Amino acid sequence: MGVSELVLRDRRSLRSGVALAVLALDLERGELLVPPQIVARGVGDERNFPSLWARASDAVREAIELAPMKVRRDPAAVRETASRALKRFLSRTIDRRPISLAVVVELRMEGQPEDLVSSDR
């Protein structure tokens with residue numbers, strides 16, 4: 001039984017790994033509630049690059065913060081902006097082009113963003 005061309009194409013595209021930015025976004029304010037979380041697999045030894053992922057998070061955050069308010073209130077536009085920022089950062093920093101995706105968790109906050117982070121941890 002042979003492997004289909006689609007499977008082979010998927011395997012080739014995954015060679016450089018996958019990086020995912022997870023963002024919690026206040027839609028009404030167009031603001032990130034917490035710094036983006038970066039999850040990566042197959043990009044390198046993820047445990048040995050904590051500063052890389054912190055800098056990747058900063059790059060995604062900065063791209064979102066610099067975007068016009070219209071973009072920051074549109075989850076699809078935020079996903080696209082974050083994905084491109086992550087891809088650009090990794091390409092420039094580690095000279096690899098993993099599949100870069102973003103997930104936006106849409107929230108409407110009545111309190112302050114600090115309320116999301118518990119101080120008793």
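The model is predicted: local features require pLDDT of at least 70 and side-chain atom pairs count only at pLDDT 80 or more, whereas totals for chains, interfaces and linings use all residues. Residues are numbered from 1 along each chain as its sequence is written, and side-chain values use heavy atoms, with hydrogens and water left out.

**The whole chain**

Begin with a cartoon view of the protein, which has four helices and four strands; helices (H or I, at least four residues) and strands (E, at least two) are DSSP runs, numbered from the N terminus. Followed from the N terminus, the order of elements is α-β-β-β-α-α-α-β. Of the 121 residues, 32% count as buried, where buried means under 20% relative accessible area, exposed over 50% and partly exposed in between (1.4 Å probe, protein chains only).

**Helix α2**

Next, select residues 50-66. Helix α2 has 17 residues and reaches 24 Å from its first C-alpha to its last, close to the 24 Å expected; the expected span is 1.5 Å times one less than the number of residues. Which residues of α2 are buried? They are L52, W53, A56, S57, V60, A63 and I64. These residues lie on the same side of α2 because they cover an arc of only 140° around the axis, the arc being that of the directions from the helix axis to the C-beta atoms. On the other side of α2, P50 and L66 are exposed.

**The nonpolar core**

Now display A21, L23, I38, W53, V60, I64 and L86, the residues with the most contacts inside the largest nonpolar core, which has 23 residues. Such a core is a set of buried Ala, Val, Leu, Ile, Met, Phe, Trp, Tyr and Cys residues joined through side-chain atoms within 4.5 Å. Two or more residues each come from β1, β3, α2, α4 and β4 (99-107).

Centre the view on I38. Not counting residues up to four places away in sequence, I38 touches L20, A21, W53, A56, S57, V60 and L86; contact means heavy atoms within 4.5 Å.

**S83**

Finally, select S83 in helix α4. S83 counts as buried because its relative accessibility is 14%. Leaving aside neighbours within four places in sequence, S83 is in contact with S100, L101 and A102.
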